[in-house]
Every structure is written in C-alpha cells, then in structure tokens.
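Visitor: I would like to go through this structure with you, one question at a time. Could we begin once it is on display?

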Amino acid sequence: MTKKRAPRAQRPRMLDIAEVAKVSTATVSRVLNDKPGASDEVRQAVLAAMDMLGYERPVALRAKTEGLVGVIVAEFANPVFAAFAQAIETRLARLGYGALLCSQSPGGTTEDQAISLLLDQGARGIIFVSGLHADAAADHQRYQELRSRGVAQVFINGSAEDIEGTFISVDEASVIDASVRHLASLGHEQIGLAVGPNRFLPSQRKARAFGESLRTVLGVTDPAPHIVHTLYTLEGGQAAATSLLESGHTAVVCGSDLMALGSIRAAHALDLRVPQDVSVIGYDDSPTMAFVDPPLTTVRQPVLEMSAAAVSSLLEELDGSPARRVELLFRGELVVRGSTGATTQADRALA
C-alpha cells in the first residue's frame, strides 16, 4: 500500500502578498529575503499580509524578541479589554518584544497568580489593564514587590497614589460632561448614571464628574439620587437602569457598553422604546456597538493611542529611565448614534 505524502506547506506567492500589502512584488522580494530598502512599516505590512494569507514566515523573518512583556487584563467578557490586549500585543511585536497575555476571571486566575506565571516565564515588565491598582480596597504591596525586583510596570485605567509607575487613563470629567450636555440638549432633565462599584477609581471619577455636570448643566443640588453603583456587567446595567427608569429618569449614562446594553434591556422590559422614550449612552465604544439595535451612542476610549503610550512608557523604563509616578490623561470622544434622542416623556407617569 502506497503511503500518502504529507502536504507541503504552501509557498508564498509574491503577487498575492503584494496585493494585500499594497506594495510592489520587488518590495515583497526584498522583505522575504531580508534585504535593505524597505522601511519598518513596509516590512510589517508585508509580514501582516503573509499572516492574513496563511503563509508561514521564512525562518529568518520570525520574531527575534528583545524580551517578554506581560499583559494582564481584567477579563474578556468586556470586548474593550480584548481590544486593549490586541493593540498592546501588536505594538510590542512591531518593536521586537514578545507578549504574554493573562486574563482574570471570577473564580479563575487571580492577578497574583497571573503575576507569578509571568515572572516564571521571565517577563521583564507588565502592563496592567483595569487591574487591582484601580481598586481602593486592594492591597497594593504586590506592585511595590515587583518594583523591588526590577520589573517595569505600566497601568491602564485607574490610578493609585502609593504606586510608582505610569498610569494611562481617559479624562473622565470631559467625556461625562459631554454626555450630560448632549442629553440636556435633547431636552432630558432627569438623567441617571449607572456605574460600577464605588471602590474602583474609574467609578469614583465618573460619579464625581457626573455630579458636577448635573449641578452645572441642570442645577441639580444633590446628585446622589441620580447615581446607582452596580456591577460592570449587562445584568448590573439592567438592574441599575430599572431602578433609575422606575424613578422617572428619561436618560441613562452608563459606565460601560455592556451596562448600556443592560439598560436597553431594562427599558424594553418596562415597555419603553429606545430612543423615543429612553436615551442610553455607553462607555468604551466596543467594536460591535455601531451594529446593535439601535446603534449605541457611547464614549470612545482611544485604545490605540493609550496602548501605544503604555508600551512606550514601559520600554523607556526597561531602557533604564527611572520609575516615577505620572498619569497621562487621554481625551475620549462622545460618538453619537441612534440610542439617544429628544425626550417624549414629559407627561409619562410610571406606576
């Protein structure tokens, strides 16, 4: 019986790669043969085209890592964390570093376990995305111990006074104020905030900014009845929005896109239409939010810019720059879509 030969790996066709990378076949040839004459951006485009087409990179072009960097994200239930992870990994790869990705999950891997794993693998630095550094109730000794071991650290979303390192955050005050002003311009006077647990710094900042905006824009003297702290989940958003809508609010600003989707579900459960009866604003601008029904008005986090800044800050520290506590604030953008509209509920009475 004749044995069948294993299929050979498909050889790259330069014309196909050139078309995807939008370069000439001569340029593809230079990159594949590791010859000079192509910029780093062009080389990256050619390699990305090969990956997209399913071609295996030549051995000479496979990543030569300068070192390993750990990336710990809160969890992947929220799509924005996956976006951060991808942006950070891509940026590190372009600069010659390998990325080791860890995620936390309730009842699963903890942040401390992820740190131990990364240290065992020889990670020289760690980027934390919405980690325990943002939790006022958490023990921050873990970060001080990492610092004493010479491990570089950068933190995205959240800040802590007792941790040395670079913090990358969105300017909460500006985007929350823009959200309130947008809703007020549509005639909404009863605006609520559904946000995460108060022990998290981003939640505290959102709530504080929301209260200041209510006072400035609508003359509200006591913002407390208009703020509900809950979980950063779809179910948390639904519970918070139900409470707000039943107390007469016609618009809900949410601390995440998942919470906004929960708020829309709450409105539907109360036989209210979005945006005709209730307006909803999310936070993050996760990749699919333009395609939900209705398309979600939301705050866009500048994920690519924040990720690039995090990687640059970490590599500066790895190159010998002294660690210091600094926070870089990035301006978010209110992206107006179909989930907000003029209020029609002036005469509505809820049971």
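Visitor: With which residue does Arg300 form a salt bridge, and how far apart are the closest N and O atoms?
Guide: This is a predicted model, in which local features need pLDDT of at least 70 and side-chain atom pairs count only at pLDDT 80 or more, while totals for chains, interfaces and linings use all residues. Residues are numbered from 1 along each chain as its sequence is written, and side-chain values use heavy atoms, with hydrogens and water left out. A salt bridge here is a side-chain nitrogen of Lys or Arg within 4 Å of a carboxyl oxygen of Asp or Glu. By that rule Arg300 pairs with Asp285, and the closest N and O atoms are 2.6 Å apart.

Visitor: Which parts of the chain does the pair of Arg300 and Asp285 tie together, and how many residues apart are they?
Guide: Helices (H or I, at least four residues) and strands (E, at least two) are DSSP runs, numbered from the N terminus. Arg300 lies in strand β10 (residues 297-300), whereas Asp285 sits in the loop between β9 (279-284) and β10, so the pair ties together parts whose separation in sequence is 15 residues.

Visitor: Is Asp285 buried or exposed?
Guide: Buried means under 20% relative accessible area, exposed over 50%, and partly exposed in between (1.4 Å probe, protein chains only). Arg300, at 32%, is therefore partly exposed. Asp285 has a relative accessibility of 15%, so Asp285 counts as buried.

Visitor: Which residues are joined with Asp285 into one network of salt bridges?
Guide: Asp285 also forms a salt bridge with Arg337, the closest N and O atoms being 3.1 Å apart. This second pair links distant parts of the chain, since Asp285 is in the loop between β9 and β10 and Arg337 is in the segment after β12 (333-335), 52 residues apart. Through shared partners, the salt bridges join Asp285 into one network with Arg300, Glu333 and Arg337.

Visitor: What is the phi of Asp284?
Guide: Most residues other than glycine have a negative phi, and most peptide bonds are trans. Asp285, although not a glycine, has a positive phi of about 55°. Asp284, which is placed in strand β9 and is buried at 5% relative accessibility, also has a positive phi. For Asp284 the value is near 130°.

Visitor: Which residues are joined by a cis peptide bond with omega of about 10°?
Guide: The peptide bond from Asp293 to Pro294 is cis, but its omega is near -5°, and Pro294 is found in the loop between β9 and β10. The proline asked about is placed in the loop between α10 (257-269) and β9. The cis bond with omega of about 10° joins Val274 and Pro275.

Visitor: With which side chain does Glu172 make a polar contact of 2.9 Å?
Guide: Glu172 lies in helix α7 (residues 172-185) and is buried, with a relative accessible area of 8%. Leaving aside neighbours within four places in sequence, its contacts (heavy atoms within 4.5 Å) include Pro202, Arg205 and Lys206. A polar contact is a pair of N or O atoms within 3.5 Å; within protein, one must be able to donate a hydrogen and the other to accept it, and residues adjacent in sequence count only if both atoms are side-chain atoms. The side chain that joins Glu172 in this way is that of Tyr283.

Visitor: How far does the backbone nitrogen of Gly236 lie from a polar atom of the side chain of Thr233?
Guide: Thr233 is found in the loop between β7 (227-229) and α9 (234-246), and is partly exposed, with a relative accessible area of 27%. Beyond its neighbours within four places in sequence, Thr233 is in contact with Leu258 and Met259. From a polar atom of the Thr233 side chain to the backbone nitrogen of Gly236, the distance is 2.9 Å.
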